[in-house]
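Load the model in a viewer and keep the selection panel open. The stops below follow one another, each with something to select and a note on what is there.

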Amino acid sequence: MLKKSSHAFANKTQLLTTKTYARMKDERLAVTQSKSILYTAPLRRVMEFFAHETMRPSQDQLILDVAATIKNKGVLFAQAPTGLGKTAAVLAPALKAASEHDLTIFFLTSRHTQHKIVVDTLVQIAKKSGKKVPVMDLIGRRAMCVNSDVNVLSSRDFGEKCRRLRSTDSCSYYSEIWDDKKLSETTRALLTGFRQEPSHVEDVISLCSSNGVCPYFMTQLLGKKARIVVADYYHLFNDTIRDSLFEFAHKSLSNSIIIIDEAHNLPSRIRELLSDSTNTFGVYAAAKESETFDKELSEMLREFGEFLEREILLIPQEARVEREWLLSSLESMWSMTLGDVIIHLDRISEKVLEKEGKSACANLSHFFSAWLSQGSEFVRIVSREYSSGKAYAHVSVRCLDPAVTTKNVLSRAHASILMSGTLKPLRMYADVLGLSNATLKEYPSPFPKKNKRTFIIPDTTTKYSSRSDTQYARIAAHCLRLVNNTPVNTAVFFPSYAVLKSVRSYIEESCEKTLFIEDRSFSKEEKTAFIERFKTYGNKGGAVLLGVVGGSFSEGYDFAGDVLRMVLVVGVPLGKPDVYTNELIKQYETRFSQGWNYGYIAPALTRVLQAAGRTIRSSTDSGVIVLLDERYAWSAYAQFVPDDAVTVKDPLPLVQKFFNSLA
Ligand code: SF4
């Protein structure tokens, strides 16, 4: 008999779903009053898979565009503002097409927290349609692992250790899945339960753990019949992970509809995913590890470490180097080629991994392989870093062009939909991801215009040439005037921790509200506790959160309702271009004559829009955005600044009038 999970998962899912949809229903009613939808035949066709009874304005158009994209086997970039209900809108035509043509939907997100709304929507669809919607809700294997002996390892080491435990029958959770090469009775009972209605990954983990079964491989089994897979970007964009997922779950790219949520994150996430690096500590660790297996190799690696230490004294803080820089240096130093060294490292790492579960030789082998194989879409950088005051070398192979992977994956799929509330300029994302022929669509915001005001304060800036105590004091004075005179929760986002630190003391001196100051060392639990405490001030006169654009709270956290009514964005988060950024700029200038825009300005302003967007998360929310930097009034930035922005030296009277009108 199956053991129940401590979460009593069925009830939990029910509760979450009811709560979420009660709010969504209220919002939908509020918006649909302003426009009636004409339910044409193409819309009626997908209604069985639409989570709600009625559509919001713009949802109908998004549904039709997604349906056409899937029919034409194309790619759609959709700039769909928050509140439009894009998850439900995109799922309806995708599920319809997938069920008719036996396709699988891959709904990919950049954060695990974004899975919840997708699975909640699928629960609603299953209920409304009376049909089963088989789902595979997948996160990283390490995060799903319930074997406490191994889930503390790094991702790379963990994968290897898990493989070995399984091949030697040493993980009881994996063994429990099988019974003499067939699925065990427990596994079959769990599979039947999970297939009854879409299950959140947390519930799968909890129930599998209670029954002594590996949740990750249970989820893989669910994948075989899944109509929709909810996963992270890397599950499809990492070749090795995709191949193994497809093999186990019997999927293929050509039979997949790929939906990328929060697609503005895709270029940077793919660049990170494809990049690799090492440092002198890693090299010496590999030298030590190889000592007992291969003295000659160990000595060669030590020489390499010393070479790096000498080299970083000859360069400025960082320098671009060519592939040959390392190859010719190693050739003069070593008695074997880099390719041979990789083979030796792999042999040693196999033995070490078997015993220790992690290996410095394995990491160095990965790095050397990347150094050897990556082409002109990558840049090689050597830099001097410091640890406890001592200099060490950092060497990296960094991806410049995410299209090396995205073009290959997204254009080979049956159809691909990339959507976000901040996907402007659409042309840039299509170019950067290598999909220049895609359809580009922008949908109007469903928010009543009267619910939001945006102001630009022009006598402030965080330009490097203008940074001074006088400037910081002026910025603080503007912030204080606004937060001390409005009874709402406010977030002030700075372009960096350094600017936050410079302005913070002026704000602390005269702020009349409780201050919440972001600390970059916060753990996940500390962040949650911090934000929950901040939220409680929303209906008690308000508090002030000081954070950083691109930090912990400017993206990913939902501040619906009274929780956040005003966002101040200080400055423009443009860092001093480093070697890597300069290479990005050069690349996009050569290819699209858009170097500064694609490589520097647009990514920074997308982060600003994400931060500013925290204040209005649902169509019944209302709030104020204030941009404190003269550059927001420049024409070069106009395409990123909200249309309703008004430039005004002192916005307080207008802000107060706005909040009073809503009271
Ligand atoms: S088989 Fe499952 S439980 Fe065992 S180590 Fe691998 S992921 Fe963890």
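What distance separates the centres of domain 1 and domain 2, taken over C-alpha atoms? The two centres are 40 Å apart. This is a predicted model, in which local features need pLDDT of at least 70 and side-chain atom pairs count only at pLDDT 80 or more, while totals for chains, interfaces and linings use all residues. Residues are numbered from 1 along each chain as its sequence is written, and side-chain values use heavy atoms, with hydrogens and water left out.

**Domains**

Colour the protein chain by its domain assignment: domain 1 is 9–154 + 197–272 + 414–442, domain 2 is 275–399 and domain 3 is 449–662. These bounds come from an automatic or database domain assignment.

**The ligand**

The shell consists of Arg141, Cys145, Asn147, Val150, Phe158, Cys162, Arg166, Cys171, Tyr173, Tyr174, Cys214 and Phe217. By class, nine of the shell residues are nonpolar, one is polar and two are charged. In this count Ala, Val, Leu, Ile, Met, Phe, Trp, Tyr, Cys and Pro are nonpolar, Asp, Glu, Lys and Arg are charged, and the others, Gly among them, are polar.

Which helix gives the most to the shell around the ligand? It is α7, with three residues. Helices α7 (155–167) and α8 (172–175) each supply at least two residues of the shell. Helices (H or I, at least four residues) and strands (E, at least two) are DSSP runs, numbered from the N terminus.

**The largest nonpolar core**

Move to Phe77 and Ile260, which have the most contacts inside the largest nonpolar core, a set of 102 residues. Helix α26 (residues 595–612) supplies the largest share of this core, nine residues. The core lies between domain 1 and domain 3, because both give residues to it. A nonpolar core is a set of buried Ala, Val, Leu, Ile, Met, Phe, Trp, Tyr and Cys residues joined through side-chain atoms within 4.5 Å. Buried means under 20% relative accessible area, exposed over 50% and partly exposed in between (1.4 Å probe, protein chains only).

**Single residues**

Select Ile343 in helix α18 (residues 338–356). Its relative accessibility is 42%, so Ile343 counts as partly exposed.

Then go to the loop between β12 (415–420) and α21 (426–432), where Pro425 is found. Lys424 and Pro425 are joined by a cis peptide bond, with omega about -5 degrees.

Asp102 is in the loop between α4 (86–101) and β2 (104–109). Although not a glycine, Asp102 has a positive phi of about 50 degrees, and at 58% relative accessibility it counts as exposed.

Lys181, in the loop between β4 (178–179) and β5 (182–183), also has a positive phi, near 70 degrees. Lys181 counts as exposed at 80% relative accessibility.

Finish at Gly130, in the loop between α5 (115–129) and β3 (135–137). Gly130 and Tyr233 are 103 residues apart along the chain, and their C-alpha atoms are separated by 30 Å.

Definitions and conventions. Near = heavy atom within 4 Å.
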